[in-house]
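Student: Could you walk me through this model with me asking as we go?
Tutor: Gladly; have a look first.

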Amino acid sequence: MTRSNSPIPRTALQDDYAFKAVDDFDTRMYILPHLRDPEKLAALIDEHRDNPVYRGTTPGRGAEMNSEPLRRLLDRLRATPQAGKHTILETRPWEEYTIGILPGPRGGTVELTDENYPTRGQAEHAIFLKRLTAFLKLYDIEMPKGDTSNTATERGA
């Protein structure tokens, strides 16, 4: 039996076809309808700005959770490859949070940006807006006009 020199064809399993197909279906079915409507999109952004990090629980009361459309959107935005992903670094404990960009391989150096925020919630919302803007570009959806930004303090300013 002779072996051929032709390359072995890639399979759907190797290309993770099933996950990509289901992810695309879920995005188009459950997320994009909320993002294509400017009012719904603005409401999701406002909801995230008001509660960017889950609050703690108290006896007899569970944690305040986000709406279903925002939960689905957050899950989708978080499921991106690590290389180039934004993260939060606490540069001064409880006083200053900086946005960093993750390297591809583990153990690499995180690149710090000039974006500093006084609270973790503001930094979380800034990252949400960055990821949302990139996601919307994939589907040719415009970010709504208005106050969708955070107040960042620039280094040295």
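Tutor: Axes here are lines fitted to C-alpha atoms, for helices over the stretch in contact, and angles run from 0 to 180 degrees between N-to-C directions. This is a predicted model, where local features need pLDDT of at least 70, side-chain atom pairs count only at pLDDT 80 or more, and totals for chains, interfaces and linings use all residues. Residues are numbered from 1 along each chain as its sequence is written, and side-chain values use heavy atoms, with hydrogens and water left out.

Student: How are the axes of helix α1 and helix α2 oriented where they cross?
Tutor: Helices are DSSP runs of H or I with at least four residues, strands runs of E with at least two, numbered from the N terminus. The axes of α1 (residues 17–36) and α2 (residues 38–50) come within 5 Å and cross at roughly 100°. Angles of 65 to 115 degrees count as roughly perpendicular, under 35 as roughly parallel, over 145 as roughly antiparallel and the rest as oblique. So α1 relative to α2 is roughly perpendicular.

Student: Which residues in α2 do Pro33, His34, Leu35 and Arg36 in α1 meet?
Tutor: Contact means heavy atoms within 4.5 Å. By that criterion, the partners in α2 are Pro38, Lys40, Leu41 and Leu44.

Student: Is leucine 129 buried or exposed?
Tutor: Leucine 129 sits in helix α4 (residues 120–138). Buried means under 20% relative accessible area, exposed over 50%, partly exposed in between (1.4 Å probe, protein chains only). Its relative accessibility is 9%, so leucine 129 counts as buried.

Student: What is the order of the elements from the N terminus on?
Tutor: The chain has four helices and four strands. From the N terminus, they run α-α-α-β-β-β-α-β.
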